[in-house]
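The sequence and the model come before the discussion.

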Amino acid sequence: MKLLPESSCVLFLLLLVELPVLAMSRPTPMRHRKDSLTKLSQKMRRLINIVQRAVHHLDTSLPFEHNLTSLPTLNFRPRDLAAVTENSTLSQLSSGLHSFKLHFDWLLYWHNQSGLVSNKIKEIADEIQSISMLEQIQTNSSGQNTLLSMPPLTSAWDIYRTSAVIHKRLLDFCNWYLRALQVLIYKQTTDDKRGHYQEEGHRYI
């Protein structure tokens with residue numbers, strides 16, 4: 001029988017050692033989804049921080065009257081978090097962010113028309129757009145083309161109270177979906193550990 005050269009034997013043995021390591025280091029679909037959700041969660045946390053700084057200059061505690069029926073509604077209860085699913089959560093998050101982007105573009109327009117400072121509004125609009133693009137890349141989905149018909153803001157008071165309402169609603173929206181993403185991340189972590197333990201069990205059978 002013809003023997004392999006010594007160098008070939010060494011290479012062959014190294015490959016045998018490396019194969020299990022390579023297999024273990026390869027990211028699983030579960031790990032990829034968890035990483036994607038974590039990135040979204042981090043972006044949402046950043047958006048919350050930006051909105052909180054902007055809300056600091058608005059009195060959102062006042063019961064402003066408004067007719068902004070186009071704003072995303074939040075009818076969730078704390079116990080609903082236990083039943084969140086990835087597909088529906090990301091779909092609702094995408095739809096809501098798109099709506100808020102349109103509302104902040106609208107606010108930005110009327111701030112500029114009135115000569116008011118609008119740096120914070122633009123920063124929020126840009127961050128919403130950034131999150132939306134990240135979500136589209138992760139879910140391999142296309143952007144939404146929905147348009148909203150919103151009334152003009154005819155006075156500084158209209159702009160102020162409308163800004164307060166929209167900022168407050170966005171903050172509530174972000175807080176809810178940040179919690180939902182954290183629940184999904186926890187579920188993915190649990191599933192990942194369960195899958196790992198099952199693999200370990202099969203390995204030693």
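## Basis and overall make-up

Helices (H or I, at least four residues) and strands (E, at least two) are taken as DSSP runs and numbered from the N terminus. The model is a predicted one, in which local features need pLDDT of at least 70 and side-chain atom pairs count only at pLDDT 80 or more, while totals for chains, interfaces and linings use all residues. Residues are numbered from 1 along each chain as its sequence is written, and side-chain values use heavy atoms, with hydrogens and water left out.

On these terms the chain has 5 helices and 0 strands, and its elements run α-α-α-α-α from the N terminus on. Of its 205 residues, 33% count as buried, where buried means under 20% relative accessible area, exposed over 50% and partly exposed in between (1.4 Å probe, protein chains only). Among contacts (heavy atoms within 4.5 Å) between residues at least 6 apart in sequence, 91% join residues at least 24 apart.

## Helix α4 and the residue after it

Helix α4 covers residues 119-139, and its 21 residues reach 30 Å from the first C-alpha to the last, close to the 30 Å expected at 1.5 Å a residue; the expected span is 1.5 Å times one less than the number of residues. The buried residues in α4 are Ile121, Ile124, Ala125, Glu127, Ile128, Ile131, Ser132, Leu134 and Glu135. As background to such a list, an α-helix has 3.6 residues a turn, so residues three or four places apart point the same way.

Just after α4, Asn140 takes a positive phi of about 55°, a positive value in a residue other than glycine. Most residues other than glycine have a negative phi. Asn140 is found in the loop between α4 and α5, and it counts as exposed because its relative accessible area is 73%.

Just after α3, Gly115 takes a positive phi of about 75°. Within α3 lies Leu93, which counts as buried because its relative accessibility is 0%. Leaving aside neighbours within four places in sequence, Leu93 is in contact with Met44, Phe173 and Tyr177, and its C-alpha atom is separated by 10.0 Å from that of Trp176, 83 residues apart along the chain.

In the loop between α2 (29-55) and α3 is Asn67, which is exposed, with a relative accessible area of 61%. The C-alpha atoms of Asn67 and Met150 are separated by 9.9 Å, although the two residues are 83 apart along the chain.

## Residues of helix α5

The C-alpha atoms of Val183 and Ala83, 100 residues apart along the chain, are separated by 9.3 Å. Gln188, again in α5, is buried, with a relative accessible area of 9%, and a polar contact of 3.3 Å joins its side chain to that of Glu86.

## The second largest pocket

About 230 Å³ of space lies in the second largest pocket. Of the 14 residues that line this pocket, the closest to its centre are Leu58, His111, Val117, Lys120 and Ile121. The elements that give two or more residues to the lining are α4 and α5 (156-203), and the largest share, 4 residues, comes from α5. By class, the lining has 7 nonpolar, 6 polar and 1 charged residues, with Ala, Val, Leu, Ile, Met, Phe, Trp, Tyr, Cys and Pro counted as nonpolar, Asp, Glu, Lys and Arg as charged, and the others, Gly among them, as polar.

The pocket is defined on a 1 Å grid over the protein atoms alone: a cavity is a set of points where a 1.4 Å probe fits but cannot get out, whereas a pocket is an open set with protein on both sides within 12 Å along at least five of seven lines, and lining residues have an atom within 4 Å of a point. Grid points are joined across faces, edges and corners, and a volume is the space filled by probe spheres set on the points.

Terms used. Polar contact = N/O pair within 3.5 Å; in protein donor to acceptor, adjacent residues only side chain to side chain.
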